[in-house]
Structures are given as C-alpha cells and as structure tokens.
Amino acid sequence: MTIAPELTTALVRLDVDGELLAVCEPSRLSAGRGVAVLLPDGRQAAVFMDRAGRVYAIDNTDPFTGASVLSRGLLGSAEGRPFVASPLLKQRFDLETGRCLDDDGVTVTTYTAQ
C-alpha cells in the first residue's frame with residue numbers, strides 16, 4: 001500500500017484570511033532565521049522558527065520603510081516576548097501580536113502558523 005506524499009509530508013501552513021495555505025516544508029526553516037513566502041494575493045509573509053521549534057509568521061513589509069525585509073531580521077526576546085528586529089532601522093516587532101515594541105502606534109499583520 002502506498003500513501004500519497006502530500007498526506008505524509010508535514011508542511012508549515014498559515015491562516016490567511018480564514019484559509020490555510022501550505023507555504024513551506026519545516027526543513028526550510030532554521031532556528032533564529034526567517035524566510036519570505038509569497039502569498040496568493042501578492043503580499044509577502046515572513047516565517048520564523050524559534051529555538052524551541054515554534055513557528056511564527058508576520059507581514060514581511062517593514063512599515064517604517066516600506067521594504068520587504070522583515071524575514072531578514074534578527075530574532076530575540078524582550079520580557080519573554082519573541083520579536084524580530086528589522087534589519088534596516090532596528091525596530092522590534094512582537095511575533096505573536098505584530099505590535100512594534102519601539103512605537104506603540106505601529107503594528108504589522110500576524111498570521112497563525114501551524
């Protein structure tokens with residue numbers, strides 16, 4: 001008996017507007033580094049895996065510059081909250097809420113990752 005590969009291969013999925021989209025294989029993610037994924041509507045998401053194996057996803061666009069670079073940022077934590085620091089101006093974005101830790105009035109979209 002052969003089982004189809006799509007049923008046995010685990011994929012990272014994002015909830016985008018109520019639809020689960022497969023975006024990459026977990027092996028494409030390295031702890032502490034991000035990858036950019038193109039969504040069907042042309043937007044980009046930045047997908048991260050922390051050292052504990054948890055996966056997070058946020059909008060890849062830095063709201064301060066408009067550049068699609070958040071996937072290239074550095075991961076860290078502040079007061080137990082995981083964040084990514086933009087590689088351009090270094091603002092930190094909470095990976096769970098999307099809130100900018102350096103400017104309370106700014107947020108980025110978050111996506112539930114599975």
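What follows is a dialogue about a predicted model and the reasons behind some of the terms used for it.

Student: Why is Cys-24 called buried?

Tutor: Buried means under 20% relative accessible area. Cys-24 has 12% relative accessibility, so Cys-24 counts as buried. Cys-100 has a relative accessible area of 0%, so Cys-100 is buried too. As for disulfides, the structure holds 0.

Student: Why is the pair of Phe-64 and Phe-93 called tilted?

Tutor: The count of aromatic pairs is 1. Rings pair if their centres lie within 6.5 Å, and planes under 30 degrees apart count as stacked, over 60 as edge-to-face and the rest as tilted. The ring centres of Phe-64 and Phe-93 are 6.3 Å apart and the planes stand at 45 degrees, so the pair is tilted.

Student: Why is this pair said to tie together separate parts of the sequence?

Tutor: Phe-64 lies in the loop between strand 5 (55–59) and strand 6 (74–78), and Phe-93 lies in strand 8, so the pair ties together parts that are 29 residues apart in sequence.

Student: Are these two residues buried or partly exposed?

Tutor: Phe-64 has a relative accessible area of 31%, so Phe-64 is partly exposed. Phe-93 is at 0% relative accessibility, so Phe-93 counts as buried.

Student: What makes Ser-86 buried?

Tutor: With a relative accessible area of 1%, against a limit of under 20%, Ser-86 is buried. Ser-86 sits in the loop between strand 7 (81–85) and strand 8. Beyond its neighbours within four places in sequence, Ser-86 is in contact with residues including Asp-62, Leu-70 and Phe-93.

Student: How do you know that strand 4 and strand 5 pair?

Tutor: A pair needs at least two bridges, and 5 bridges join strand 4 (residues 44–49) to strand 5, running antiparallel.

Student: What else does strand 5 pair with?

Tutor: Strand 5 is joined to strand 9 (residues 110–113) by 2 bridges, and they run antiparallel. Tyr-111 in strand 9 is the bridge partner of Ala-57.

Terms used
Residues are numbered from 1 along each chain as its sequence is written. This is a predicted model: local features need pLDDT of at least 70, side-chain atom pairs count only at pLDDT 80 or more; totals for chains, interfaces and linings use all residues. Side-chain values use heavy atoms; hydrogens and water are left out. A disulfide is a pair of cysteine sulfur atoms within 2.5 Å. Buried means under 20% relative accessible area, exposed over 50%, partly exposed in between (1.4 Å probe, protein chains only). Rings of Phe, Tyr and Trp (its six-membered ring) pair if their centres lie within 6.5 Å; planes under 30 degrees apart count as stacked, over 60 as edge-to-face and the rest as tilted. Helices (H or I, at least four residues) and strands (E, at least two) are DSSP runs, numbered from the N terminus. Contact means heavy atoms within 4.5 Å.
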